[in-house]
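Please keep the structure in view while reading.

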Amino acid sequence: MMEFLSSTFTSYVALVPVTLAQSLILAFVVMGIMIPFRTLHFPDLTSEGAYPLGGCVAGVLIAAGVNPALAIVAALLCGFAAGCCTALIHLRFRIHTLLAGILMMTMLYSINLRIMGKSNLSIFGTGSVFDWAPFVTPGFPAAKIIIAGIIGAAVFVALNWFFKTEKGTAMRAVGANPAMAEAQGISVWVSTIGGVGLASAFSATSGALMVQSQGFADVNMGLGILINGLAALMIGEAIVGKHSVFRQLLAPFVGAIIYYQLVSLCLAAGMPPPDLKLATGLFVLAMLALPSLKRGRGGAPAREKFRE
Amino acid sequence: MLEIRSARKTFYKGQPDEKIALDDLSLTLQTGEFGVVIGSNGAGKSTMLNAVSGAMPLDRGQILINGDDVTNTPVHKRAMRIARVFQDPMLGTAASMTVAENMLLAELRSKSRTFACGLNAKRLSDYKERLSILGLGLENRLDTRVELLSGGQRQSLSLIMAVGGSPDLLLLDEHTAALDPRTADLVMGATVRAVDALKLTTLMVTHNMQHAVDYGHRVIMLDAGKVKLEIGGEEKADVTVAKLIDHFSVKSDAMLLGA
């Protein structure tokens with residue numbers, strides 16, 4: 001028993017830096033999931049398609065010799081467009097947000113394949129933004145932690161500022177009460193399209209960073225990213241809370257860091273990787289079921305309570 | 001000034017249960033006038049209010065505010081001119097946002113929103129002052145999320161939000177109906193004080209006959225999508241609840257029993 005614990009601990013500790021780098025990159029996807037879910041009350045699945053979209057776009061551009069930073073900007077813009085499409089499908093055709101997201105991510109799969117022309121693409125050995133990290137040797141987790149950390153901090157500060165401006169407050173109002181927001185002169189369309197677009201832009205950015213980090217792009221890289229992101233978000237919210245702009249924005253970062261360390265711990269303890277999705281799914285289910293379990297055996301509340 | 005010109009709205013058109021909600025309804029409200037709309041259920045009161053606010057497009061007819069045709073203007077653009085207090089206290093405020101943030105949203109109703117910081121010190125002290133008029137202690141709870149307030153407090157907040165910035169037209173949609181009698185009186189009192197002080201052009205829908213008698217310059221009774229009766233000027237001063245109820249058709253006598 002002691003032997004098991006010590007070997008688990010040793011292999012876990014060895015993985016800490018790599019996992020930290022990975023979680024800082026994936027924190028952007030969690031942000032891209034949090035903004036529609038929490039700020040806009042627009043449950044959105046686009047990230048499952050926007051994340052590989054960002055990866056494919058960045059991969060193809062870097063393979064073609066484009067500057068890696070520019071590749072990230074291009075990925076970000078493509079992600080933004082994908083998010084705008086999802087919001088537009090929902091607003092214009094009154095299709096449920098979840099279905100709009102599923103449509104978008106299914107269509108994006110083909111688009112991603114078209115962009116790359118094959119199912120995966122190696123960009124190993126080409127330059128990446130992580131080469132520009134100060135003080136450290138490129139290629140090591142420390143470089144990734146520094147670069148992803150800097151971008152993450154910049155995004156956090158920018159969003160924390162934006163959501164407190166007049167425009168940002170208006171965007172939050174659309175999520176809190178669309179009818180009221182409209183009566184206060186706020187265009188629900190502009191805020192929803194802009195907000196969901198912004199969120200998918202973050203997911204795509206994450207994909208672009210991940211491709212540069214792992215050295216290859218793959219059309220299937222988004223598989224299950226949404227449920228991982230949701231699990232991370234819930235952990236983050238359980239720890240830092242969600243009742244202020246600051247806390248709500250901090251939750252994706254804290255959640256991503258802790259969630260991926262937990263995953264790494266499970267793997268180090270010998271959990272077979274194929275079981276990971278089941279474990280994550282059960283965890284998210286438990287987190288979602290907790291409020292209902294606390295309330296007692298009443299079961300689901302009246303359907304009217306469900307908000308689109 | 002509000003003008004509604006032969007507004008027509010039909011629900012379920014061409015189906016067996018076709019219903020004419022507004023039947024060439026015309027109504028004019030002068031600037032600074034306080035009109036009180038009464039009528040039985042299904043008379044078209046809510047449809048009229050929704051048509052004026054822009055939430056429901058008309059089949060035919062026009063809506064003019066201060067002489068400008070706003071018939072085809074979407075809700076969020078009309079909000080530059082129109083403020084509305086809903087019947088449901090939940091509808092008029094953003095529950096998960098703070099009192100101060102709700103006040104900010106209302107203040108920006110008729111302005112263009114910028115990338116400047118929303119809640120600055122000047123605004124906060126202004127909100128404190130405006131909320132203190134209510135005497136509910138809301139001025140000390142600027143950072144409280146609105147979902148933690150009572151229905152009466154939320155509705156009072158909605159009212160302060162609506163009258164701020166002196167809108168061209170104030171719509172009150174049975175805004176005291178969901179409150180207990182004491183709170184309803186409090187909110188109604190605050191409404192009348194604000195409307196008088198700011199000389200707001202106001203259209204209030206109510207089921208409370210006493211309110212219709214006590215407040216406003218003109219009583220407008222709707223029936224089957226038309227204006228059935230208007231009582232204004234000298235005559236309005238002499239009107240009583242009993243007289244008003246006499247005008248309701250037999251069909252809507254259920255209302256009498258309820259009153």
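In this predicted model, 18 residues of chain A are in contact with 25 residues of chain B. On the side of chain A that touches chain B, the elements that give two or more residues are α6 (166-176) and α7 (178-183) of chain A, and α6(A) supplies the largest share, seven residues.

**Interface and core**

- Sorted by class, the side of chain A that touches chain B has seven nonpolar, six polar and five charged residues.
- Ala173(A) touches residues of both chains: leaving aside residues up to four places away in sequence, its contacts are Met180(A), Ala181(A), Gln184(A) and Ile186(A) in chain A, and Ala94(B), Met97(B) and Leu105(B) in chain B.
- The largest nonpolar core has 155 residues, and within it Val30(A), Val57(A) and Ala173(A) touch the most other members.
- Helix α1 (residues 2-39) of chain A contributes the largest share of this core, 13 residues.
- As general background, nonpolar side chains tend to be buried together in soluble globular proteins.

**Chain A as a whole**

- Chain A contains eleven helices and two strands, and from the N terminus on its elements follow the order α-α-α-α-β-α-α-α-α-β-α-α-α.
- The radius of gyration of chain A is 20 Å, which agrees with a compact globule, because a globule with 308 residues would have a value near 19 Å.
- Taken along the principal axes, the box filled by the C-alpha atoms of chain A is roughly 55 × 50 × 35 Å.
- Of the 308 residues in chain A, 47% are buried.
- Among the contacts in chain A with a separation of 6 or more, 76% are between residues 24 or more positions apart.

**Strand β9 of chain B and its partners**

- Strand β9 (residues 218-223) of chain B is mostly covered, with five of its six residues buried.
- Strand β3 (residues 34-38) of chain B runs parallel to β9(B) and is joined to it by four bridges, with Ile38(B) standing opposite Met221(B).
- Strand β10 (residues 226-232) of chain B runs antiparallel to β9(B), to which six bridges join it, and here Met221(B) stands opposite Leu229(B).
- A hairpin is formed by β9(B) and β10(B), with two residues between them, and Ala224(B) in the turn has a positive phi of about 50 degrees.

**Other strands of chain B**

- Four strands of chain B form an open sheet in the order β2-β1-β4-β5, with antiparallel pairing; its edge strands are β2 (19-29) and β5 (68-69), each of which pairs on one side only.
- Within that sheet, strand β4 (residues 60-65) of chain B is joined to β5(B) by two bridges in the antiparallel sense, and Leu64(B) stands opposite Asp69(B) in β5(B).
- Along strand β6 (residues 82-85) of chain B, Ile82(B) and Arg84(B) point one way while Ala83(B) and Val85(B) point the other way, and all are buried.
- Four bridges pair β6(B) with strand β7 (residues 169-173) of chain B in the parallel sense, and Ala83(B) stands opposite Leu170(B) in β7(B).

Key. Residues numbered from 1 in each chain as written. Chains lettered and ligands numbered in written order. Predicted model: local features only at pLDDT ≥ 70, side-chain atom pairs only at ≥ 80, totals over all residues. Buried ≥ 20, exposed ≤ 12 C-beta atoms within 10 Å, placed from the backbone. Pairing = 2+ DSSP bridges. Contact = placed C-beta atoms within 7 Å. Nonpolar A, V, L, I, M, F, W, Y, C, P; charged D, E, K, R; others polar. Core = buried A, V, L, I, M, F, W, Y, C linked by C-beta atoms within 7 Å. Rg over C-alpha atoms; globule rule 2.2 N^0.38 Å.
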